[in-house]
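Student: I would like to go through the labels on this structure and ask what each one rests on. Please show it first.

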Amino acid sequence: MLRRAAAAAVALAAVLVPAAHADDGRSGGICKGATMFVKVCASEGGSTPAGGGSGAAAAPAGTGSESSEPSCTYTRLDPQPPPENAYWKGHDRSEKGAVYGVHCPGQQGARTVWIADGQAPDAAPVIDPEAVARRAAASMKLTGPAVASPRAAGTYVVGMPMWMWATPSPNTTGPISASATAGGVTVTATAKVTTVRWAMGDGTTVTCNGPGTPYTPDRGKSMSPDCGHLYERTAHDKPGGHFRGTATATWTITWTAPALGDEGTFTETRQTAWTARVGEVQVVN
C-alpha cells in the first residue's frame, strides 16, 4: 500500500510540472500541462471534455459573453496516472473519461477528480479534504490546557523555581482522532498538542514541548526539566497580588484522505487563563 501511495505521489509530481501560462486575473480555464497549484489560462467559455483527447477542457460557458469566472480550474493530467493509481477513483482506462487536477480559489494542495468525456468540469464533485478534516477536528471539541500549576490558591516565591504543567486528557492534550465524510470521501484527522506557550504575566513567555512535568516533593528546589519559570519580582502591584497569565496550546492536526491519495497538516490554538500569587520570603529576626 505504501509503495503504491509513493508511486502515486511520484506520478502526480511528474505530470504537474509548472508551465508557462497566461492569466489576466479575470477569467479561469483549463490548460494542458499547467500546474495544479496556480490558477492558469485566461479563457471565455469553450467546449467540454470530449473524445478522450489530450487537449485541455475549457471552463463551462456562461450565458452570453459575460460568463462569470469558474469557481475552480481543471487541468487534464498528461500523461494520465498509471492504472493502479488511486486518482482513478474506481474507474479504469476502458471507460471514456480522464483524471483531472483541480485548483479552487482559496484552497491549497493537489486535488484530483475523474471526469467522463462530455461532462462539464463543474459538474464533477470537488472535495477539499482539508475542509473535511477541519470538520472532523471540530467534532473533537479540542480545548485549552487543563492548568494544574500554577494554582490560583497557591503562593509562589520570588527566586524559587515554579513548575508549570497541565493535566493530560484526550481533549486537552490528545492524541484524539475523528473522521468526517463529504461527497463520498472520508477524511481521518488526528490531533495532538505539540507546544504550550505560557504568558507568565510579568512580561515573559515560556514555550514548552508538551503539557509539562508535575512537581513532586523529592524534586526540592530544582527547576522543571521541561516547563518552568523563575519570577524575579513580586506581584504586589498587580490586582490581588496575582500575576495573570495564559497557557496557549498549539494543536497539530494531521489528516489523510486515502480515496484522494492526499494528506496534510494544519494547526489550531486553544487558550486557558490562570493566576498566580507571587511574593517574597518573609524573614523574621
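Student: How many disulfides does a search of the whole structure find?

Tutor: The model is predicted, and the search finds one disulfide in it.

Student: What makes cysteine 208 and cysteine 227 a disulfide?

Tutor: Their sulfur atoms are 2.1 Å apart. The cut-off is 2.5 Å, so the pair counts as a disulfide.

Student: Why is this disulfide called right-handed?

Tutor: The torsion about the S-S bond of cysteine 208 and cysteine 227 is about 80°, and therefore the disulfide is right-handed.

Student: Which parts does the pair tie together?

Tutor: Cysteine 208 belongs to strand 10, while cysteine 227 is in the loop between strand 10 and strand 11 (228-230), so the tied parts are 19 residues apart in sequence. Both cysteines are buried.

Student: Why are strand 12 and strand 13 said to pair?

Tutor: Pairing needs at least two bridges. Strand 12 and strand 13 have 16, in the antiparallel sense, so they pair.

Student: Which residues touch the most other members of the largest nonpolar core?

Tutor: Trp198, Met200 and Trp251 do, in a core of 39 residues. Among the elements giving two or more residues to this core are helix 2 (129-139), strand 9 (185-199) and strand 12 (242-257). Another core, of eight residues, lies apart from it and includes Cys72 and Tyr100.

Notes. Residues numbered from 1 in each chain as written. Predicted model: local features only at pLDDT ≥ 70, side-chain atom pairs only at ≥ 80, totals over all residues. Heavy atoms only, no water. Core = buried A, V, L, I, M, F, W, Y, C linked by side-chain atoms within 4.5 Å. Buried < 20%, exposed > 50% of the residue type's maximum accessible area, 1.4 Å probe, protein only. Helix = DSSP H or I, 4+ residues; strand = E, 2+ residues; numbered from the N terminus.
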